[in-house]
Amino acid sequence: MKVWGYFRSSAAFRVRIALALKGLDPEQAFVHLRKAEQRAPDYLARNPLGLVPTLEDGPATITQSLAICEYLDETHPEPAFLPEGAADRARVRALAYTIACDIHPINNLRILQYLLKTLKVDKAAHDEWYRHWIAVGFEALEKLLADGKTGKFSHGDTPTLADICLVPQVFNAKRFYADSELAAYPRIMAIFANCLAHAAFQKALPERQPDFEPG
Ligand SMILES: N[C@@H](CCC(=O)N[C@@H](CS)C(=O)NCC(=O)O)C(=O)O
């Protein structure tokens, strides 16, 4: 098994958490997004969208972080990323998709670069865009988490696919929000703190990765 990622990528971070939760330690390859290595022909042959992560497992090449997480969950069922019961599984998926489909893509590197370089918006407008979509998403997520099913983690007291998405998204938000501002989302931040105390989440942290660069 081999995984392509980048220390700062939220989507690659999701897969690192998933691998660590499953106790898997595949070979790693690094794609430097700031150096545009994601658009090199050999990487595009693996991942035509030019996005990290990509996972290879034997003959299978898998793109899309959530598809990779579900693949790992099916091939290595313990510990499970989804709870028992269709309604609870749907709840966890809804939390994960709120982040992965409705928050993260709007603030992805290529979108931000398009705003700055092609549409020529200034830095202040760029930052406002970023902060706005985080706030819209986190307000909704905070309400979704208030349904009585949240425990130490997003769903009960064990990590699920929702937490795999939540932690990288909070890391991402911290680049443009002070901790005092993020305190407006107490459920999200309590789950974030509990996840950070878990060894698998620790192992997946950006600063623990071989390609980490400060700043
Ligand atoms: N939906 C994709 C999103 C992947 C994605 O957006 N990756 C980002 C890093 S978090 C990326 O590679 N960005 C490169 C770019 O924007 O050029 C997934 O979940 O794998």
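**Domains**

I looked up the domain assignment of the protein chain: domain 1 covers 2-79 and domain 2 covers 86-201. The bounds come from an automatic or database domain assignment. This is a predicted model, in which local features need pLDDT of at least 70 and side-chain atom pairs count only at pLDDT 80 or more, while totals for chains, interfaces and linings use all residues. Residues are numbered from 1 along each chain as its sequence is written, and side-chain values use heavy atoms, with hydrogens and water left out.

I took the domain centres over C-alpha atoms; 20 Å separate them. The contact (heavy atoms within 4.5 Å) takes 18 residues from domain 1 and 20 residues from domain 2.

**Core**

I turned to the largest nonpolar core, which has 53 residues. Such a core is a set of buried Ala, Val, Leu, Ile, Met, Phe, Trp, Tyr and Cys residues joined through side-chain atoms within 4.5 Å. Buried means under 20% relative accessible area, exposed over 50%, partly exposed in between (1.4 Å probe, protein chains only). I17, F138, L161, I164, L166, V167 and I188 touch the most other members. Elements giving two or more residues include α1 (10-21), α6 (123-144) and α9 (186-196). The largest share, eight residues, comes from α7. Both domain 1 and domain 2 give residues to this core, so it lies between them.

I then checked F138. Leaving aside neighbours within four places in sequence, F138 is in contact with I103, Q169, V170, A173, L182, Y185 and I188. A second, separate core has 10 residues, including W4, A29, L33 and V52.

**Helix α7**

Helices (H or I, at least four residues) and strands (E, at least two) are DSSP runs, numbered from the N terminus. I tested the length of α7, residues 161-173. Among the buried ones are D163, P168, Q169 and N172.

**Ligand**

I listed 16 residues around the ligand (a heavy atom within 4 Å). V52, Q64, S65, N108 and R110 come nearest. Next I read off N or O pairs within 3.5 Å; within protein, one atom must be able to donate a hydrogen and the other to accept it, and residues adjacent in sequence count only if both atoms are side-chain atoms. An N or O atom in the Q64 side chain is 2.6 Å from a ligand nitrogen. A polar side-chain atom of S65 lies 2.6 Å from a ligand oxygen. For R110, a polar backbone atom is 2.8 Å from an oxygen of the ligand.

I found H32 in the loop between β2 (27-30) and α2 (41-46). H32 is buried at 14% relative accessible area. Its side chain makes a polar contact with the E213 side chain at 3.0 Å. The H32 side chain also reaches the backbone nitrogen of R34 at 3.3 Å. R8 is 24 residues from H32 along the chain, yet their C-alpha atoms are separated by 9.4 Å.

Q38 sits in the loop between β2 and α2. Q38 counts as buried, at 4% relative accessibility. A polar atom of its side chain lies 3.5 Å from the backbone oxygen of L33. Not counting residues up to four places away in sequence, Q38 touches V31, H32, L33, Y43, L44, G50 and L109.
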